[in-house]
Amino acid sequence: MTTPRKLFIKTYGCQMNVYDSERMAEALGAAGYVVTDTAETADMILLNTCHIREKAAEKVYSELGRLKGLKAANPDLKIGVAGCVAQAEGEEILRRQPLVDLVVGPQSYHRLPELEARARAGGRALDTDFPEEDKFDRLGGRPKAQRGPTAFLTVQEGCDKFCAFCVVPYTRGAEVSRPAARVLDEARDLVARGVREITLLGQNVNAYHGEGQDGAWGLARLIRELARIEGLDRIRYTTSHPNDMEDDLIAAHGDCRELMPYLHLPVQSGSDRILKAMNRKHSAEQYLALIARIRAARPDILISGDFIVGFPGETEADFEATMALVRAVGYGQCYSFKYSPRPGTPAAEREGQVPEDVKSDRLARLQALLDAQQQAAQQAMVGRVVGVLFEKPGRMQGQVVGKSDHLQAVHVEAGEDWLGRIAPVEILAAAPNSLAGRLAAG
Ligand code: 5AD
Ligand code: SF4
């Protein structure tokens with residue numbers, strides 16, 4: 001028997017990249033690779049890159065520069081670049097960095113074994129097509145990796161929204177939904193291997209419209225069917241666009257027990273002028289009305305979001321409108337970023353680019369407010385009993401940690417026999433990023 005080759009994957013960016021990396025590992029597993037967690041001993045290193053914000057390409061080039069020594073020590077080492085930087089800069093990467101053997105865009109991962117064989121034979125391979133076929137269903141079967149009780153499952157990819165700041169419609173392409181039967185099969189398979197919580201992924205997951213047995217299914221229908229799988233206890237989804245929060249999805253938050261009370265619903269800005277310039281196609285008031293409807297369906301839901309400060313043309317008054325919206329919503333946890341001009345997107349070329357120091361100042365003020373809201377949301381859990389799915393041993397001896405229904409990290413004193421179980425936990429104390437609790441009588 002030949003010894004398997006070792007594969008090291010470094011993943012940047014979003015959860016969809018985490019899922020893709022797993023699937024790439026499986027695709028290359030079929031070509032004789034096993035995953036290693038040290039780059040130094042690897043026969044193939046793949047960088048699964050992200051292009052969404054600042055200096056993404058530069059980071060990839062400097063990471064590649066650091067791999068020079070490894071390649072010199074092991075001439076058989078193959079180096080590949082995958083993900084959105086590969087998609088956006090494929091040819092340029094091959095030109096600028098001779099040590100790269102293969103470049104593969106996010107829609108072509110099912111072709112990896114073929115690309116790897118070409119690289120092994122001494123060639124250099126590039127594939128940044130947007131093929132017609134569904135990459136996941138061409139990857140040969142479903143995920144095989146050994147796993148804990150939680151998993152990601154990509155159900156939708158790409159985006160047709162064209163927000164003026166965003167590269168996703170260019171790097172991931174048009175919106176595509178996987179057929180419902182495939183998603184259900186993959187979910188059953190995960191559950192059979194011990195998974196109890198699945199997070200459905202998509203760049204715009206609530207725009208899901210996969211083919212079902214009786215016509216196209218929306219996300220709500222998919223969630224309701226998934227909820228019927230015996231042993232699948234928790235369902236989440238991310239990330240969503242406000243304009244795709246349809247009535248049945250809002251209703252599911254109220255009546256589907258498996259759908260967890262947490263929703264990531266980015267708004268980006270609270271100023272109508274900026275929302276329009278961003279091509280978001282809704283107003284701040286419409287977003288607030290939507291949040292009110294979702295909370296009416298599920299009063300204890302924790303809302304999360306994304307914000308961009310310093311979008312071209314943003315004035316102090318626009319920024320204040322964002323602060324006002326944040327105060328009105330009361331978020332549980334958010335991500336906030338300085339606007340970063342992405343080559344090829346409409347906003348990058350616009351007048352009124354905001355100076356760096358103004359962006360930094362606004363970001364600091366916004367983050368102070370968001371941090372205070374997160375603290376309040378953490379504190380509000382003290383004294384409550386929440387469901388927790390235990391995922392791994394804690395940092396301290398005798399502890400296990402997991403996520404609450406509301407996606408907050410919770411640790412309790414309990415043995416490792418609790419891993420993979422869901423139990424009610426009484427929250428005793430709150431820290432900025434975690435809660436301490438004790439097992440409550442079931
Ligand atoms: N600059 C800053 N933030 C961005 N995002 C997307 N594109 C940009 C950009 N050009 C943020 C948005 C999005 C999140 C995934 O990344 O807030 O929701
Ligand atoms: Fe990018 Fe999301 Fe806008 Fe699509 S909806 S363009 S992925 S920010």
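Analyst: **Salt bridges**

Both Glu-314 and Arg-362 are buried, where buried means under 20% relative accessible area, exposed over 50%, and partly exposed in between (1.4 Å probe, protein chains only). The model is predicted: local features need pLDDT of at least 70, side-chain atom pairs count only at pLDDT 80 or more, and totals for chains, interfaces and linings use all residues. Residues are numbered from 1 along each chain as its sequence is written, and side-chain values use heavy atoms, with hydrogens and water left out.

Glu-314 and Arg-362 form a salt bridge, with 2.9 Å between the closest N and O atoms; the term denotes a side-chain nitrogen of Lys or Arg within 4 Å of a carboxyl oxygen of Asp or Glu. Glu-314 lies in the loop between strand E15 (302–309) and H13, and Arg-362 in helix H14 (residues 356–379), 48 residues apart. Helices (H or I, at least four residues) and strands (E, at least two) are DSSP runs, numbered from the N terminus. A network of salt bridges links Glu-314 and Arg-362 with Glu-316, Glu-320, Asp-361 and Arg-365.

Helix H13 (residues 316–329) also holds Asp-318, 45 residues from Arg-273 in helix H11 (residues 272–277). Asp-318 is buried at 6% relative accessible area, whereas Arg-273 is partly exposed at 48%.

In a further salt bridge, Arg-196 and Asp-233 have their closest N and O atoms 2.7 Å apart. Arg-196 is partly exposed at 24% relative accessibility, and Asp-233 is partly exposed at 26%. In total, the structure holds 37 salt bridges.

Terms used. Chains are lettered from A and ligands numbered from 1 in the order in which they are written.
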